[in-house]
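Here is a short report on a single chain. Start with the strand pairing, then step back to the overall fold.

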Amino acid sequence: MTNDNQSMGDLFPDLGPEDPVVSGIAHDKSEVQVTLRRIPDVPGVSASVFTSLAEAGVNVDMIVQAAASTGTADISFTASEAQLRQIEQVLADKREELKYESVDINKEVGKVALVGVGMKTHSGIAATFFRALSEKNINVLMISTSEIRISAMVPLEDLEDAVRAIHTKFNLDSDQVEAVVYGGTGR
């Protein structure tokens, strides 16, 4: 267990001074979470969903699929809230083809991301990231990772607390958030 006063060197002792594990934290308040409920769990369905969205110019960010034992799945994804009308139109137009039962749309979400090139070579980063959120009783709605980034979708009302908790846990404390990621724009 770590305490809030430990340095990055204490958290990750094999870290060299030239290899920062974590270089920053970003957040995004402009995303929307869309969930297709009880969509058939068969090959090609995900391809149909995301091809239809791509053809409409929708830039999808995070994707999660959860299969049920009933032969159906729930597919959740996030995108820029600015594209919500396009998303709704595509899903309405493709409802017969996709055969989903319902769509849930959650505009009250925000994404927090931890970024650093050293993350791919140091264990414990994800554990520390999620412990920071857990200690503040912040629920994680979706998770996305890459070699240099861990992103979590959280309730929008908890986003600022999530950013502060992660800043503190990784000793990157700042009075204000230093980076903002604009969903779906590449900025």
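## Pairing of strands 3 and 4

Strand 3 (residues 60–67) pairs with strand 4 in the antiparallel sense, over 6 bridges. The model is predicted.

The two strands form a hairpin with 4 residues between them. G71 takes a positive phi near 85° in this hairpin.

## Strand 4 and its other partner

Strand 4 covers residues 72–80. Strand 2 (residues 31–40) also joins strand 4, through 8 bridges. These strands run antiparallel. Here Q33 stands opposite T78 of strand 4.

How much of strand 4 is buried? Strand 4 is mostly covered, with 8 of its 9 residues buried.

## The chain as a whole

The chain holds 6 helices and 8 strands. Along the sequence they follow the pattern α-β-β-α-β-β-α-α-β-β-α-β-β-α.

Among contacts in the chain with a separation of 6 or more, 76% link residues 24 or more positions apart.

## Burial and surface

The chain has 187 residues, and 41% of them count as buried. Its accessible surface comes to about 10,000 Å². Carbon and sulfur atoms account for 47% of that surface.

Terms used
Residues are numbered from 1 along each chain as its sequence is written. This is a predicted model: local features need pLDDT of at least 70, side-chain atom pairs count only at pLDDT 80 or more; totals for chains, interfaces and linings use all residues. Side-chain values use heavy atoms; hydrogens and water are left out. Buried means under 20% relative accessible area, exposed over 50%, partly exposed in between (1.4 Å probe, protein chains only). Contact means heavy atoms within 4.5 Å. Accessible areas come from the Shrake-Rupley method with a 1.4 Å probe; for residues, only the protein chains shown count as cover. Two strands pair if DSSP finds at least two bridges between them.
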